[in-house]
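Hi everyone, thanks for coming. I'd like to walk you through one model today, so please have a look at it with me.

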Amino acid sequence: MEQQIERSKVIVRWIVVASLFGGVAYLKRQGQVPLPWSTVLALTAAACALNLAYWRILRTSAPRWLKYVTTGTDLALISILVLFTGGSGSVFYVAYFIVLVSNSIRYGMGMALYVATVYNLGYAAVLLAQPPANDLTVEAVKILSFWGVALYAGYLAMRFQRQTRILESYEETIARLRAELSSLKAPPK
């Protein structure tokens, strides 16, 4: 099952990379992103190379560590993109939420906390490299909001997983009772 989840993440990652590339190219053309094409192409190539490497690993298995590596590298690449496209004012800041929500839904609270922690490190590095002009209150609210979404998404995932387990136990009970009922109705030999 984890192998299928990670394969679906690879497919989604292709879509996100293409969308982000299109967004950067459009904003660059409009003169709103002072980013050299070499940097745009290097970030895109890095994301594509990593995605191909993940796909290759997933052809045979899904090591437990892979979900953490893929998520961590996604967040690192987003942090680099955010840094180069305006820092705290980057329009690509919302890409962090794509990683948060998609991983929280798939893996639950533990992954939500992992994403929020790695996000904190990556976004703090962005703010250190390119300090915002205004006070840090806005940045604190953004970080706290991210943690709020992480905790809520993790909670919803935990609840969904619990409901799924309950439903599976009901289905098993129904199947067992049907089998018992069939054996009672069977004519004696």
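Where is the place of Tyr152? Tyr152 sits in helix 6, residues 137-185; helices here are DSSP runs of H or I with at least four residues, numbered from the N terminus. Before going on, a word on the source: this is a predicted model, where local features need pLDDT of at least 70, side-chain atom pairs count only at pLDDT 80 or more, and totals for chains, interfaces and linings use all residues. Residues are numbered from 1 along each chain as its sequence is written, and side-chain values use heavy atoms, with hydrogens and water left out.

Back to Tyr152. Its relative accessibility is 52%, so Tyr152 counts as exposed; the cut-offs are under 20% relative accessible area for buried, over 50% for exposed, and partly exposed in between, with a 1.4 Å probe and protein chains only. Together with Tyr155, Leu156 and Met158, Tyr152 makes a nonpolar surface patch with about 400 Å² of accessible area. Such a patch takes residues with over 30% relative accessible area and no salt bridge, and joins nonpolar side chains (Val, Leu, Ile, Met, Phe, Trp, Tyr) within 5 Å. The areas come from the Shrake-Rupley method with a 1.4 Å probe, and for residues only the protein chains shown count as cover.

Now, salt bridges. How many does the structure hold? There are five, each meaning a side-chain nitrogen of Lys or Arg within 4 Å of a carboxyl oxygen of Asp or Glu. One of them pairs Lys67 with Glu2, at 3.7 Å from N to O. Lys67 belongs to helix 3 (residues 66-84) and Glu2 to helix 1, so this pair ties together parts that are 65 residues apart in sequence.

Glu139 and Lys142 bring their closest N and O atoms to 3.4 Å. These two are three residues apart in helix 6, so about one helical turn separates them, and both are buried. Further along, Glu180 meets Arg176 at 3.2 Å, N to O. This pair is four residues apart in helix 6, which again means about one helical turn. Glu180 is partly exposed at 40% relative accessible area, and Arg176 is partly exposed at 45%.

That's my tour; happy to take questions!

How values were computed. Patches are made of residues with over 30% relative accessible area and no salt bridge: like charges are joined within 9 Å, nonpolar side chains (Val, Leu, Ile, Met, Phe, Trp, Tyr) within 5 Å.
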